[in-house]
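Here is a short briefing for a reader new to this structure. Look through the sequence and the model, then read on.

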Amino acid sequence: MGDGGEGKPHYAGHRERLRERFLKSPGALPDYELLELILFRAVPRRDVKPLAKELIARFGGFSEVINAEPARLRETKGVSDAILTEFRIVRETGLRLTQSKVLKKEVIGSWDALIDYCSASMAHNPTEQFRILFLDRKNVLIADEVQQKGTVDHTPVYPREVVKRALELNASALILVHNHPSGDPTPSNADVEMTRQIVDTAKPLGIEVHDHLVVGKGRHASFRSLGLM
């Protein structure tokens, strides 16, 4: 039975109306409808509202769906390679937009943008990841590199390797960042000890460690703010 005109499938009119609503007021759309708009591109000839609602219910929200591991997404019937590609495009687009606000800029004065970038990059990783932001003498971000990847609750970090890379890049300062897949950004005793070792190794060479950020889901912790360094 037609919905947007004789001969059209029932979902065609819904797609047209949803696109119009999005253009008028994008912020008013609930998560599942925003997800539908992305699914439209990957699934041109099917009603995708049930799939969008199922994904939101399963993962908890739009961001959680977009950042979910492909293997977990595939557990939901109807998730194809085309859908996974669209999700990856959205994820990469968001990451590059947040990155543009901090790369080659003075990060100390753009702290909120830096937190947003770190969260977008790491908050949903299923395993721990340790990355380093390398800064020049004016605290401009000159490089952002993943140093190590670990397990769900541990990442091996070698202070000498951290400092060696800083010297190679002629960096004057560092910001250490890692995520806690559990979602709780509270620093562990191992985090504190590892940070101390890096600070002690870097200081004699004139390299300052500005902070160590721990990223959780929707939250973060700063060693500097907590008085841990």
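Where is the place of Arg15? Arg15 sits in helix H1, residues 10-24. Helices are DSSP runs of H or I with at least four residues, strands are E runs of at least two, and both are numbered from the N terminus.

This is a predicted model: local features need pLDDT of at least 70, side-chain atom pairs count only at pLDDT 80 or more, and totals for chains, interfaces and linings use all residues. Residues are numbered from 1 along each chain as its sequence is written, and side-chain values use heavy atoms, with hydrogens and water left out.

**Arg15**
- Arg15 is buried and has no salt bridge. Buried means under 20% relative accessible area with a 1.4 Å probe, protein chains only. A salt bridge puts a side-chain nitrogen of Lys or Arg within 4 Å of a carboxyl oxygen of Asp or Glu.
- The nearest side chain of opposite charge is Asp47, 6.7 Å away.
- The Arg15 side chain has a polar atom 2.6 Å from the backbone oxygen of Val43. It also reaches the backbone oxygen of Pro44, at 3.3 Å.

**Confidence**
- The chain averages a pLDDT of 87, and 92% of the residues score at least 70. pLDDT is the predictor's confidence in each residue, from 0 to 100.
- Over residues 1-5 the pLDDT is below 50.
- Mean confidence is lowest in strand S2 (residues 141-149), at 83, and highest in helix H3 (residues 49-59), at 96.

**Helix H7**
- Helix H7 covers residues 111-122 and has 12 residues.
- Its buried residues include Ala113, Leu114, Tyr117 and Ser121.

Note on methods. Buried means under 20% relative accessible area, exposed over 50%, partly exposed in between (1.4 Å probe, protein chains only). Lys and Arg count as positive and Asp and Glu as negative; His and the chain ends are not counted. A polar contact is a pair of N or O atoms within 3.5 Å; within protein, one must be able to donate a hydrogen and the other to accept it, and residues adjacent in sequence count only if both atoms are side-chain atoms. Contact means heavy atoms within 4.5 Å. The expected span of a helix is 1.5 Å times one less than its number of residues.
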